[in-house]
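Look over the chains first, then follow the steps.

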Amino acid sequence: MSAYYLEGPLSEADVTKLNIGDVVYLSGSAFTCRSRFQRYIFDENNKFPFDLGDRNILIHTGIIAIRENNKWKLVSFMPTSSIRFEKWGARSIEEWNLRLICGKTTMGPKTAEMMRKRKCVHISPHSVSPNLWIDSIQIEGVHLREELGSIEAPWLLKLDKLGPFVVDMDCKGNNLYDEVDKTVAINKQKAYSNLGISPEFEYTKLY
Amino acid sequence: MIKREVYEAAIFETIKKGATIISKDVKAAFEKAIEKETSVSAKEGLTDTLRSMELSEVKQNPLCPDTGWPIFYIKAGNESRIEGGFVGIEEAIRDAVARATKLGYLRATMKHPLTGDDPGNNIGMNIPYFTYKFVPGNSIEITYVAKGGGSECFGGTRHRIVAFADGLAGIKKCVIDNYIASTRAGAICPPSVLGIGIGGTANVAANLAKEAACLRTIGSKNPEPAFAKLEEELYDAINRLGIGIMGIGGDTSVLAVHIEYAHTHIAGIAVATSSNCMVARRAACRINDDNSVIQLDSPNWFGGR
């Protein structure tokens, strides 16, 4: 396992070198995205509200920001669960040319396949540490805040060594949690045994 | 008579405290977990989380931006006298939630379920949600719970009707399987506080599970030995599964296991599980008839545990 300081926009080489379990710190331009925004774009067929340019780091998050002295002040930040965006995952990677998604809970098989095809990775935090992160983030702007509400609106962020995050989906089709699953599956059998749950146990079917 | 201006101020302080200050029992559970953790990554995750939570108190900002559903538990003294009555208390809670949202202590998370429309202040149909318990005395106790979406939406709340014939083995298997499924890839932000409700109708079991997860003091024991033993067995078993903080693998997979129960029809035993995420945000205060206010370390919902 290695640690990488990546600077966006990310190149193909920046992400193909990453393996599950590697630690990543992010710098450069990013934007936030949640389901209301993806429904607005993909299901309601609205125009993307800003020029993405080469901004290819997407963060699944709903920040808290307040207006102070005519500027946005970031109050709190934590990546949020990505699995609920699975419906739009592959399409987001393809149409928005994403190289990296930062979130939580990984994503499903369709997104994993698109990550493999288009060279994109998913990373997650291994802590809940908003206060160790907020000084690494500057707010550049926000779009559709009135229309979608503050947390569902896409925010443009400038990152400075934001991390640490762990690579949980690489672009070779590997998922970190599949590895944890194997350990947990073995330990589960031991837990059953310690708790007196027989290997032959079956629930009585009530309905 | 408890005055409106007193409970208005106390409620706002309690919400602010719940969102921004780590509870003493949560802090102690983290310190214990960090000490015994052998995985380097998991130890780093636990240490970073504790450091961030300690900074929230200094910066007066949320422990986590997902302040979730604003849920209130009110222990109402049977002889309490309140200016404006309990309707006044509920009005004050709604006003305080809106104010705390505007000031950035809470995130405007509550949306219309069909349209996704954002009232912007966390106030809407049946939200905030209130649960009452009536007790002897003339004081009231109000607990605020910030119930985050991670621990609620991604498998943290489940139930199964277990046949009486399947006994303890059925109950234990249900709990272990539920917990493993909901912690995969860090879904419910483990190490969580796991609440288990056994018995009653399914909704009673689910309510008891949520109260056990959010309101019990971490590490407290059910006073009945059979349930205390079950809590201990499940706590030990889950902490040997290797799930770890945010599901990355590690020694601490659950901060506590709390069980509450209700008598039930034994045709089928409702077993519900509910989890609170690792930051386990809640705060409580007691307001006395003489208008003195005491901020409590723990909700005291189950009287002493």
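**Exercise 1: the cavity**

Find the element that lines the largest cavity most.

Solution. H6(B) gives the most to this lining, with four residues. Helices (H or I, at least four residues) and strands (E, at least two) are DSSP runs numbered from the N terminus. Strand S7 (269-276) of chain B also supplies at least two lining residues. The lining includes Val175(B), Asn178(B), Thr273(B) and Ser275(B). The volume is about 40 Å³. A cavity is a set of points on a 1 Å grid over the protein atoms alone where a 1.4 Å probe fits but cannot get out, and lining residues have an atom within 4 Å of a point.

This is a predicted model: local features need pLDDT of at least 70, side-chain atom pairs count only at pLDDT 80 or more, and totals for chains, interfaces and linings use all residues. Residues are numbered from 1 along each chain as its sequence is written, chains are lettered from A in the order written, and side-chain values use heavy atoms, without hydrogens and water.

**Exercise 2: the interface**

Describe how chain B meets chain A.

Solution. Start with contacts (heavy atoms within 4.5 Å). Here 63 residues of chain B touch 55 residues of chain A. Next, take the buried area, about 4500 Å². That is accessible area (1.4 Å probe) lost on being put together, summed over both parts. Arg107(B), Lys173(B) and Arg184(B) lose the most on the chain B side. Finally, count four salt bridges (Lys or Arg side-chain nitrogen within 4 Å of an Asp or Glu carboxyl oxygen). One of them joins Arg184(B) to Asp178(A) at 2.8 Å, N to O.

Key: Buried area is the accessible area (1.4 Å probe) that two parts lose on being put together, summed over both. On a 1 Å grid over the protein atoms alone, a cavity is a set of points where a 1.4 Å probe fits but cannot get out, and a pocket is an open set with protein on both sides within 12 Å along at least five of seven lines; lining residues have an atom within 4 Å of a point. Grid points are joined across faces, edges and corners, and a volume is the space filled by probe spheres set on the points.
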